[in-house]
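Let's take a friendly look at how some pieces of this protein sit against each other. Have the structure open and follow along.

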Amino acid sequence: MTAHDIPPGLIVRHFTPPLTLADFKLICFDMDSTLINIECIDEIADAAGKKAEVAAITEATMRGEIKDFKESLRRRVALLQGVPVDALQRVYDERLRLNPGAAELVAACKATGLKVLLVSGGFTFFANRVKERLGIDFARSNLLDEADGLLTGRVAPQSWGDICDGAEKRRTLLEVASLLGISPAEVIAVGDGANDLPMMAEAGLSVAYHAKPRVREQAMVAINEGGLDRLLDIFTEKP
(Lines give C-alpha, C1' and ligand atoms only; values in the text may rest on other atoms or scores of the structure.)
Protein backbone atom coordinates (compact mmCIF):
# COMPACT_ATOMS: atom_id res chain seq x y z
CA MET A 1 0.00 0.00 0.00
CA THR A 2 1.18 3.49 -0.79
CA ALA A 3 -0.14 6.81 0.46
CA HIS A 4 -2.04 7.04 -2.84
CA ASP A 5 -3.94 3.84 -2.07
CA ILE A 6 -5.60 5.21 1.10
CA PRO A 7 -9.39 5.01 0.63
CA PRO A 8 -11.62 8.10 0.84
CA GLY A 9 -12.61 9.21 4.32
CA LEU A 10 -9.21 8.33 5.81
CA ILE A 11 -6.48 10.90 6.36
CA VAL A 12 -2.94 9.59 6.88
CA ARG A 13 0.02 11.76 7.86
CA HIS A 14 3.45 11.64 9.53
CA PHE A 15 4.11 8.08 8.42
CA THR A 16 4.37 6.21 5.14
CA PRO A 17 2.35 3.03 4.63
CA PRO A 18 2.57 0.10 4.59
CA LEU A 19 2.16 -1.04 8.18
CA THR A 20 1.06 -4.40 9.49
CA LEU A 21 -1.20 -4.82 12.50
CA ALA A 22 1.36 -7.25 13.91
CA ASP A 23 3.80 -4.32 14.20
CA PHE A 24 1.79 -3.38 17.32
CA LYS A 25 1.21 -5.13 20.64
CA LEU A 26 -1.41 -2.93 22.39
CA ILE A 27 -4.37 -0.84 21.25
CA CYS A 28 -5.77 1.77 23.61
CA PHE A 29 -9.29 3.14 23.17
CA ASP A 30 -11.19 6.07 24.58
CA MET A 31 -14.79 5.04 25.25
CA ASP A 32 -17.42 7.80 24.96
CA SER A 33 -17.98 8.81 21.32
CA THR A 34 -15.12 6.49 20.29
CA LEU A 35 -15.99 2.89 21.16
CA ILE A 36 -19.59 3.84 21.94
CA ASN A 37 -22.09 6.24 20.39
CA ILE A 38 -22.85 8.49 23.38
CA GLU A 39 -21.28 10.69 26.03
CA CYS A 40 -22.61 8.79 29.03
CA ILE A 41 -22.60 11.76 31.40
CA ASP A 42 -24.83 13.72 29.04
CA GLU A 43 -27.36 10.89 28.93
CA ILE A 44 -27.36 10.45 32.73
CA ALA A 45 -27.95 14.20 33.00
CA ASP A 46 -30.98 13.81 30.77
CA ALA A 47 -32.56 11.81 33.60
CA ALA A 48 -32.10 14.84 35.84
CA GLY A 49 -33.45 17.28 33.28
CA LYS A 50 -30.00 18.88 33.00
CA LYS A 51 -28.74 17.45 29.71
CA ALA A 52 -28.31 20.79 27.93
CA GLU A 53 -26.31 22.25 30.80
CA VAL A 54 -24.05 19.22 31.14
CA ALA A 55 -23.68 18.66 27.39
CA ALA A 56 -22.51 22.25 26.87
CA ILE A 57 -19.66 21.68 29.35
CA THR A 58 -18.84 18.31 27.75
CA GLU A 59 -18.67 19.78 24.27
CA ALA A 60 -16.48 22.71 25.32
CA THR A 61 -14.15 20.29 27.12
CA MET A 62 -13.82 17.93 24.16
CA ARG A 63 -13.05 20.86 21.88
CA GLY A 64 -10.30 21.87 24.30
CA GLU A 65 -11.96 25.16 25.30
CA ILE A 66 -12.14 24.11 28.96
CA LYS A 67 -8.55 23.15 29.71
CA ASP A 68 -8.93 21.55 33.13
CA PHE A 69 -10.71 18.24 32.52
CA LYS A 70 -10.84 17.40 36.23
CA GLU A 71 -12.63 20.63 37.06
CA SER A 72 -14.93 20.15 34.08
CA LEU A 73 -15.84 16.64 35.19
CA ARG A 74 -16.43 17.70 38.79
CA ARG A 75 -18.75 20.48 37.61
CA ARG A 76 -20.75 18.07 35.45
CA VAL A 77 -20.91 15.29 38.03
CA ALA A 78 -22.11 17.78 40.68
CA LEU A 79 -25.15 18.40 38.48
CA LEU A 80 -26.02 14.69 38.78
CA GLN A 81 -26.61 14.84 42.52
CA GLY A 82 -29.81 13.02 43.41
CA VAL A 83 -30.13 11.06 40.16
CA PRO A 84 -31.23 7.47 40.95
CA VAL A 85 -28.46 4.93 40.38
CA ASP A 86 -30.85 2.79 38.33
CA ALA A 87 -30.83 5.55 35.71
CA LEU A 88 -27.38 4.27 34.70
CA GLN A 89 -28.83 0.89 33.72
CA ARG A 90 -31.51 2.58 31.66
CA VAL A 91 -28.89 4.60 29.80
CA TYR A 92 -26.92 1.41 29.11
CA ASP A 93 -29.95 -0.56 27.96
CA GLU A 94 -31.76 2.12 25.98
CA ARG A 95 -29.11 4.48 24.62
CA LEU A 96 -25.63 2.97 24.61
CA ARG A 97 -24.60 1.30 21.37
CA LEU A 98 -21.19 0.24 20.13
CA ASN A 99 -19.99 2.47 17.34
CA PRO A 100 -19.88 0.89 13.87
CA GLY A 101 -16.82 -1.30 13.41
CA ALA A 102 -15.88 -1.34 17.11
CA ALA A 103 -16.44 -5.06 17.61
CA GLU A 104 -14.74 -5.87 14.29
CA LEU A 105 -11.65 -3.78 15.06
CA VAL A 106 -11.26 -5.18 18.58
CA ALA A 107 -11.70 -8.74 17.26
CA ALA A 108 -9.10 -8.18 14.55
CA CYS A 109 -6.61 -6.78 17.06
CA LYS A 110 -7.15 -9.69 19.46
CA ALA A 111 -6.81 -12.22 16.62
CA THR A 112 -3.45 -10.66 15.75
CA GLY A 113 -2.29 -10.92 19.36
CA LEU A 114 -2.69 -7.33 20.51
CA LYS A 115 -3.85 -6.61 24.05
CA VAL A 116 -6.72 -4.12 24.34
CA LEU A 117 -6.98 -1.25 26.84
CA LEU A 118 -10.02 0.95 27.46
CA VAL A 119 -9.12 4.17 29.26
CA SER A 120 -11.95 6.62 29.74
CA GLY A 121 -12.92 9.89 31.32
CA GLY A 122 -16.34 8.25 31.58
CA PHE A 123 -17.58 5.88 34.25
CA THR A 124 -16.87 2.38 35.49
CA PHE A 125 -20.55 1.37 35.30
CA PHE A 126 -20.35 1.60 31.50
CA ALA A 127 -16.65 0.86 30.98
CA ASN A 128 -16.83 -2.46 32.81
CA ARG A 129 -19.83 -3.56 30.74
CA VAL A 130 -18.19 -2.52 27.46
CA LYS A 131 -15.01 -4.28 28.57
CA GLU A 132 -16.90 -7.53 29.16
CA ARG A 133 -18.95 -7.18 25.97
CA LEU A 134 -15.89 -6.77 23.74
CA GLY A 135 -13.46 -8.99 25.63
CA ILE A 136 -11.17 -6.06 26.44
CA ASP A 137 -8.15 -6.89 28.62
CA PHE A 138 -7.78 -3.74 30.76
CA ALA A 139 -10.04 -0.81 31.67
CA ARG A 140 -9.64 2.35 33.71
CA SER A 141 -12.34 4.98 34.22
CA ASN A 142 -14.03 7.14 36.84
CA LEU A 143 -16.24 5.89 39.66
CA LEU A 144 -19.46 7.73 40.49
CA ASP A 145 -20.04 8.01 44.22
CA GLU A 146 -23.46 6.86 45.40
CA ALA A 147 -25.43 6.60 48.64
CA ASP A 148 -28.91 5.28 49.39
CA GLY A 149 -29.50 4.46 45.73
CA LEU A 150 -28.72 8.01 44.56
CA LEU A 151 -25.70 9.65 42.97
CA THR A 152 -24.01 12.04 45.40
CA GLY A 153 -22.65 14.39 42.74
CA ARG A 154 -19.05 13.37 43.49
CA VAL A 155 -16.39 11.19 41.88
CA ALA A 156 -15.12 8.49 44.25
CA PRO A 157 -11.35 8.06 44.67
CA GLN A 158 -9.77 4.82 43.47
CA SER A 159 -6.42 3.14 44.17
CA TRP A 160 -4.71 4.89 41.23
CA GLY A 161 -6.14 8.38 41.88
CA ASP A 162 -9.33 10.39 41.65
CA ILE A 163 -10.12 11.35 38.04
CA CYS A 164 -9.03 9.77 34.78
CA ASP A 165 -8.14 12.84 32.74
CA GLY A 166 -5.76 13.27 29.80
CA ALA A 167 -2.68 12.97 32.00
CA GLU A 168 -4.01 9.78 33.60
CA LYS A 169 -4.86 8.33 30.19
CA ARG A 170 -1.26 8.92 29.12
CA ARG A 171 0.10 7.47 32.35
CA THR A 172 -2.11 4.38 32.03
CA LEU A 173 -1.03 3.75 28.45
CA LEU A 174 2.63 3.95 29.50
CA GLU A 175 2.02 1.81 32.60
CA VAL A 176 0.29 -0.98 30.69
CA ALA A 177 2.93 -0.87 27.95
CA SER A 178 5.62 -1.22 30.62
CA LEU A 179 3.80 -4.14 32.25
CA LEU A 180 3.60 -5.85 28.86
CA GLY A 181 7.29 -5.22 28.24
CA ILE A 182 6.70 -3.20 25.08
CA SER A 183 7.61 0.30 23.94
CA PRO A 184 5.08 3.10 23.32
CA ALA A 185 6.02 2.78 19.64
CA GLU A 186 4.18 -0.57 19.67
CA VAL A 187 0.92 1.03 20.89
CA ILE A 188 -2.05 2.31 18.89
CA ALA A 189 -4.16 4.99 20.63
CA VAL A 190 -7.67 5.83 19.41
CA GLY A 191 -9.74 8.80 20.58
CA ASP A 192 -11.94 11.72 19.61
CA GLY A 193 -11.52 14.50 22.20
CA ALA A 194 -8.89 16.87 23.54
CA ASN A 195 -8.30 14.75 26.64
CA ASP A 196 -7.15 11.90 24.36
CA LEU A 197 -4.28 13.93 22.91
CA PRO A 198 -1.73 13.17 25.69
CA MET A 199 -2.03 9.40 25.21
CA MET A 200 -2.17 9.76 21.43
CA ALA A 201 1.08 11.73 21.52
CA GLU A 202 2.86 8.81 23.22
CA ALA A 203 1.61 6.09 20.88
CA GLY A 204 3.40 4.76 17.84
CA LEU A 205 0.16 5.22 15.88
CA SER A 206 -2.45 7.82 16.86
CA VAL A 207 -5.98 7.55 15.46
CA ALA A 208 -8.77 10.13 15.53
CA TYR A 209 -12.28 8.73 15.10
CA HIS A 210 -14.92 11.23 13.91
CA ALA A 211 -13.00 13.57 16.15
CA LYS A 212 -12.93 17.22 17.12
CA PRO A 213 -10.92 19.38 14.66
CA ARG A 214 -7.92 19.78 16.96
CA VAL A 215 -7.66 16.02 17.41
CA ARG A 216 -8.05 15.28 13.70
CA GLU A 217 -5.25 17.73 12.94
CA GLN A 218 -2.78 16.08 15.32
CA ALA A 219 -3.57 12.41 14.70
CA MET A 220 -1.54 10.25 12.33
CA VAL A 221 -4.74 8.63 11.05
CA ALA A 222 -8.13 10.37 10.96
CA ILE A 223 -11.21 8.26 10.30
CA ASN A 224 -13.69 10.84 9.05
CA GLU A 225 -16.12 8.49 7.32
CA GLY A 226 -17.30 5.00 8.19
CA GLY A 227 -16.67 2.83 11.22
CA LEU A 228 -13.73 2.10 13.50
CA ASP A 229 -12.78 -0.91 11.39
CA ARG A 230 -11.74 1.50 8.65
CA LEU A 231 -8.45 1.58 10.55
CA LEU A 232 -7.77 -1.90 9.17
CA ASP A 233 -7.62 -0.38 5.68
CA ILE A 234 -4.18 1.10 6.40
CA PHE A 235 -2.65 -2.26 7.21
CA THR A 236 -1.30 -4.57 4.51
CA GLU A 237 -2.25 -7.74 6.39
CA LYS A 238 -5.51 -8.34 8.23
CA PRO A 239 -6.56 -11.39 10.26
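In this predicted model, the axes of helix α4 (residues 86-94) and helix α6 (residues 124-134) come within 10 Å and cross at roughly 40°.

**Where the two helices meet**
- The crossing of α4 and α6 is right-handed.
- On the α4 side, the contact is made by Leu88, Gln89, Val91 and Tyr92.
- On the α6 side, the residues in that contact are Phe125, Phe126, Arg129 and Arg133.

- Phenylalanine 125 and phenylalanine 126 make an edge-to-face aromatic pair, with 5.1 Å centre to centre and 75° between the planes.
- Arginine 129 lies over the face of phenylalanine 125, at 3.6 Å from the ring centre.

**The other aromatic pair**
- The count of aromatic pairs comes to two.
- Phenylalanine 24 and phenylalanine 235 also pair edge-to-face, at 6.2 Å centre to centre and with 70° between the planes.
- Phenylalanine 24 lies in the loop between β1 (10-12) and β2 (26-29), while phenylalanine 235 is in the segment after β8 (221-223), so this pair ties together parts that are 211 residues apart in sequence.
- Both phenylalanine 24 and phenylalanine 235 are buried.

Technical notes: Residues are numbered from 1 along each chain as its sequence is written. This is a predicted model: local features need pLDDT of at least 70, side-chain atom pairs count only at pLDDT 80 or more; totals for chains, interfaces and linings use all residues. Side-chain values use heavy atoms; hydrogens and water are left out. Rings of Phe, Tyr and Trp (its six-membered ring) pair if their centres lie within 6.5 Å; planes under 30 degrees apart count as stacked, over 60 as edge-to-face and the rest as tilted. Helices (H or I, at least four residues) and strands (E, at least two) are DSSP runs, numbered from the N terminus. Buried means under 20% relative accessible area, exposed over 50%, partly exposed in between (1.4 Å probe, protein chains only). A charge sits over a ring if NZ of Lys or CZ of Arg is within 6 Å of the ring centre and within 35 degrees of the ring normal. Axes are lines fitted to C-alpha atoms, for helices over the stretch in contact, and angles run from 0 to 180 degrees between N-to-C directions. A crossing is left-handed if the near helix is turned anticlockwise from the far one by less than a right angle, and right-handed if clockwise. Contact means heavy atoms within 4.5 Å.
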